[in-house]
Amino acid sequence: MAISGASCFLWPDDARCFAVYVALVDSIAYVADYVTVLQIIDVSSPAAPSILGADDTPVEAYGAVVVVSIASVTDGKPGLYIIDVSSPGAPSLLGSSYNA
């Protein structure tokens with residue numbers, strides 16, 4: 001499920017901050033936005049979503065795909081980030097690839 005233009009939870013006052021892509025797995029939304037690479041949000045209670053964690057890297061995320069506990073995130077440049085999301089409160093970057 002992809003949703004464009006969703007709200008930014010971590011930096012609501014940042015004009016650049018909006019969701020570019022949302023991957024929904026069970027009750028967890030994996031949000032690719034312009035400020036953080038990946039925000040992980042519990043949406044089990046849609047009226048009160050809560051942030052579980054975020055992986056902050058210096059790129060602008062454009063897409064996210066989650067398979068089991070691994071998220072693949074693309075950025076505005078030709079880059080790919082592989083993030084372990086097995087612990088949503090503490091996602092960790094496993095690796096990245098950048099082609100200039």
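What pLDDT does the protein chain average, and what share of the residues score at least 70? This is a predicted model, and its protein chain averages a pLDDT of 76, with 73% of the residues at 70 or above. Among the elements, mean confidence is lowest in S5, at 79, and highest in S3, at 87. Take some care with residues 1–7, where pLDDT stays under 50; the model has 13 contacts beyond four places in sequence for this stretch.

**Overall layout**

Of its 100 residues, 36% count as buried. The chain exposes about 5400 Å², and carbon and sulfur atoms supply 57% of that area. If you look at contacts between residues at least 6 apart in sequence, 29% of them join residues at least 24 apart.

**Inside the fold**

The largest nonpolar core has 15 residues, and Tyr 30, Leu 38, Val 73, Ile 83 and Val 85 touch the most other members. Strands S2 (28–33), S3 (38–42), S5, S6 (70–75) and S7 (79–84) are the elements that each give two or more residues to this core. A second, separate core of 5 residues includes Val 22, Ala 29, Val 31 and Ile 41.

Val 73 is a handy place to start exploring. Leaving out residues up to four places away in sequence, Val 73 touches Val 37, Leu 38, Ala 61, Gly 63, Ala 64, Gly 79, Leu 80, Tyr 81 and Ile 83.

**On the surface**

Val 65, Val 67 and Val 68 form a nonpolar surface patch, with about 310 Å² of accessible area together. Val 67 belongs to strand S5 (residues 61–67), while Val 68 sits in the loop between S5 and S6. Asp 26 is in another loop, the one between strand S1 (19–25) and S2. The relative accessible areas of these residues are listed here.

| Residue | Relative accessible area | State |
|---|---|---|
| Val 67 | 52% | exposed |
| Val 68 | 78% | exposed |
| Asp 26 | 79% | exposed |

Why does Asp 26 count as exposed? Asp 26 counts as exposed because its relative accessibility is 79%, and the cut-off for exposed is over 50%.

**Two backbone angles to check**

Most residues other than glycine have a negative phi. Asp 26 has a positive phi of about 55° although it is not a glycine. Val 68, also not a glycine, has a positive phi of about 55°.

Note on methods:
Residues numbered from 1 in each chain as written. Predicted model: local features only at pLDDT ≥ 70, side-chain atom pairs only at ≥ 80, totals over all residues. Heavy atoms only, no water. Patch = residues over 30% accessible without salt bridge, like charges linked within 9 Å, V, L, I, M, F, W, Y side chains within 5 Å. Areas by Shrake-Rupley, 256 points an atom, 1.4 Å probe, with all protein chains shown as cover. Salt bridge = Lys/Arg side-chain N within 4 Å of Asp/Glu carboxyl O. Helix = DSSP H or I, 4+ residues; strand = E, 2+ residues; numbered from the N terminus. Buried < 20%, exposed > 50% of the residue type's maximum accessible area, 1.4 Å probe, protein only. Core = buried A, V, L, I, M, F, W, Y, C linked by side-chain atoms within 4.5 Å. Contact = heavy atoms within 4.5 Å. pLDDT = per-residue confidence, 0-100.
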